[in-house]
Amino acid sequence: MSYQGVWTLAEAKKGEIKRVAFELLTRGRKLADKLEVELASLIISNNVSKEEARRLIEAGADKVYLVNDKRLENFIVENYSNVMVELVEEHKPEIILGAATTMGRTLLPHVAVRLEAGLTADCTELDIEEETGNLLQTRPAIGGNILATIHTPRHRPQMATVRPKSTSPAEQVPGREGEVVEIKYDPGLYDGRVERLSFRTSEGEDVNIVDADIVVAGGKGLKKAENFALIREMAGYLGGVVGASRDAVEMDWITYPHQVGLSGKTVTPKLYIAVGISGAIQHLAGMKTSENIVAINEDPDADIFKVADIGLIGDLFELVPMLNERLAREKEVEKVEV
Amino acid sequence: MKIITPIKQVPETSNVKMDEETGTMVRDGVESIINPLDLYAIEAAIRLKEEHGGEVIAITMGPPSAEKAIREAIAMGCDDGILLSGREFAGSDTWATSYALSRCIEDIGDYDLIFCGLQATDGDTAQVGPGIASFLDLPLATYVSTVEKVYIAEESSYTEPDENSITVERLLEEGYEKLRLPLPALLTVVKEINYPRLPTLSGKRKARDVEIEPKNSEQIEMNKDNLGLQGSPTRVVNIDRPKVTRGGRIIDASEEGKQETAVEELVEYLKSKEML
Ligand SMILES: Cc1cc2nc3c(=O)[nH]c(=O)nc-3n(C[C@H](O)[C@H](O)[C@H](O)COP(=O)(O)OP(=O)(O)OC[C@H]3O[C@@H](n4cnc5c(N)ncnc54)[C@H](O)[C@@H]3O)c2cc1C
Ligand SMILES: Nc1ncnc2c1ncn2[C@@H]1O[C@H](COP(=O)(O)O)[C@@H](O)[C@H]1O
């Protein structure tokens, strides 16, 4: 049997499919349509209901393979890899997409080695090569300084992890048809060497800057720790989280988990607002693929303006309070309207 | 304990210069360094050695000049190093790199732990660590932020399990997960794990004098079909330079009077993007 069809790996937690799974369907649908093949999603988890799985069908999957078992409740790479390798060898999809999350970036390389498949990490662009039907995978490399396009000419399947937030999630169309195939877990695939002992959520409220839709970040231009209140206030009005440049972190104005950039986190929110940040290449490496970028800086030559969609040249201590006041008013209006 | 740290030599990219015409990196005058994250892997390995005894062996696959990375690792406190170098490895993607390194590690043999960096700054793939674990069928923990405990059966006076193990925490999107892995195992580490030490004087002396003989696929048993470009499933088809400039609207809001209209325009922009 030759390899055919596109698969996405749908991550789920506590019975619920994650948002990033729907982003992958946006990517997968486009590829499947171009190749005129079936699009299927694979769920490896526990307690994911058929109804929940149907959400993927409504969002564009033609088929969902659903593997539930209590031994698969938590992601242990050996166990998931065994399930995935078995199913891929049986169904032979030609393309497999996973999210570039901590899970995807652990599981897919493990699986790719066993399948002798090509795997490209952290793709931001996927397409089909006209003449050959090969998957074209584009990814930023060398701190975002180049974009490399990669293909896998002779090996199947072709695998890629896709950056979360690099595309919008596929919309669910109620009533869209497709099949949920429940697969009984084969206990022979259980590895059992690695034991998960516990889990604790990160301290502090909103440090998950990677998953946030809106990030408001402050830099050395804020002058001192107390002034981060301006940033927090803005983030509050916008429903966003607080990010920071390395210099702000090194001054101890804010903690390391908030750091954006080469030696911090890479974020791709819908909106990134940089306040008093110069836009050093190491900072840009962590945020320049954001969908919309706003910059406020008093230096007209600051590099941050090169990547900004809209930039305000001026004193942040005058502009930000004005902006916060306006945002507060917008909130008021919203309340009245509701 | 015998601990192996695969380290990669990368160009020092914190100040990358790009050739505007060709879209490639200017390598002239660019220093080569140990991949910054691999320093954390080395440090983690040395700390365990200091606690439990044994040795740390750094291995790298790269051109002959990557020998420098091995010497630097020894200067930090690694006991020995292996340079895997040869034309047959040129053009390796992460699959072929994982294969070659896994063969080299098998050749060393009798190891308890492998520490990798999470990812290298040039490729940023984070695939080689999991790849090696997969080839060697070793228990794997990625994104390790803490080594909590190493349990060595023969060091223990209790009659606990006779299996050696390591307990670690991993830094995930939502928090920290604690895992116990039997040894031998492979870990990839993140920055939170420690603070890498600087080379010591005696380390530097040792690094200077040590003999590092490059090894290749003649000395280590490998399937030649799996090496280098030939053994790599993926191929680069194109390199582009991303647009740096978005050509956004930059508004002068440096004077009173201009400020209100600028802020107003920003609010309108946010509304148009449905951010408000
Ligand atoms: C290996 C390496 C890794 C690095 N990793 C990171 C990383 O992950 N993240 C990161 O951010 N950096 C990183 N850096 C550091 C980076 O090079 C810069 O030093 C840093 O980003 C600068 O932070 P900043 O923009 O807050 O400060 P500055 O560069 O000092 O910029 C402050 C800005 O605020 C503006 N400003 C000042 N006062 C006002 C005012 N009243 N109103 C408006 N604007 C004002 C100034 O015009 C200036 O542009 C790294 C460096 C290296 C070498
Ligand atoms: N050529 C290499 N030689 C030795 N170790 C490597 C090599 N390439 C990658 N590694 C290891 O694998 C990790 C991940 O690299 P990468 O998958 O390239 O991001 C690195 O931090 C190193 O520990």
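In this predicted model, the side chains of A:Thr102 and B:Glu173 are joined by a polar contact of 2.7 Å. A:Thr102 sits in chain A, in the loop that runs between β6 (95–99) and α4 (104–115). With a relative accessible area of 11%, A:Thr102 is buried, because that value is under 20%. Leaving aside residues up to four places away in sequence, A:Thr102 touches B:Tyr143, B:Arg170, B:Leu171, B:Leu172 and B:Glu173.

**The interface as a whole**

The size of an interface is often given as the accessible area lost when the parts come together. Between them, chain B and chain A bury about 7200 Å², and 58% of this is on carbon and sulfur atoms. B:Glu173, B:Arg246 and B:Met275 supply 10% of the area that chain B buries against chain A, more than any other three residues. The contact involves 83 residues of chain A and 80 residues of chain B.

Polar links across the interface can be counted too. Between chain B and chain A, 38 residue pairs are in polar contact, both residues being at pLDDT 80 or more. Several elements of chain B each supply at least two residues of the side that touches chain A, among them α3 (94–108), β8 (165–171), β12 (249–252) and α6 (258–272). Of the elements, α6(B) gives the most to this side, with 11 residues. The table sorts the side of chain B that touches chain A by residue class.

| Class | Residues on the side of chain B that touches chain A |
|---|---|
| Nonpolar | 34 residues |
| Polar | 23 residues |

Eight salt bridges are found across the interface of chain B and chain A. One of them joins B:Arg246 to A:Asp309, with the closest N and O atoms 2.9 Å apart.

**A strand pair between the chains**

Which strand of chain A pairs with β12(B)? Strand β18 of chain A, residues 310–313, pairs with β12(B) in the parallel sense over four bridges. Within this pairing, A:Gly311 has B:Ile250 as its bridge partner.

**Chain B on its own**

Chain B contains 12 strands and six helices. Along the principal axes, its C-alpha atoms fill a box of roughly 75 × 50 × 40 Å. Of the 276 residues in chain B, 54% are buried. Taking contacts in chain B between residues at least 6 apart in sequence, 70% join residues at least 24 apart.

Technical notes: Residues are numbered from 1 along each chain as its sequence is written. Chains are lettered from A and ligands numbered from 1 in the order in which they are written. Side-chain values use heavy atoms; hydrogens and water are left out. Contact means heavy atoms within 4.5 Å. Buried area is the accessible area (1.4 Å probe) that two parts lose on being put together, summed over both. A salt bridge is a side-chain nitrogen of Lys or Arg within 4 Å of a carboxyl oxygen of Asp or Glu. A polar contact is a pair of N or O atoms within 3.5 Å; within protein, one must be able to donate a hydrogen and the other to accept it, and residues adjacent in sequence count only if both atoms are side-chain atoms. Ala, Val, Leu, Ile, Met, Phe, Trp, Tyr, Cys and Pro count as nonpolar, Asp, Glu, Lys and Arg as charged, and the others, Gly among them, as polar. Two strands pair if DSSP finds at least two bridges between them. Buried means under 20% relative accessible area, exposed over 50%, partly exposed in between (1.4 Å probe, protein chains only).
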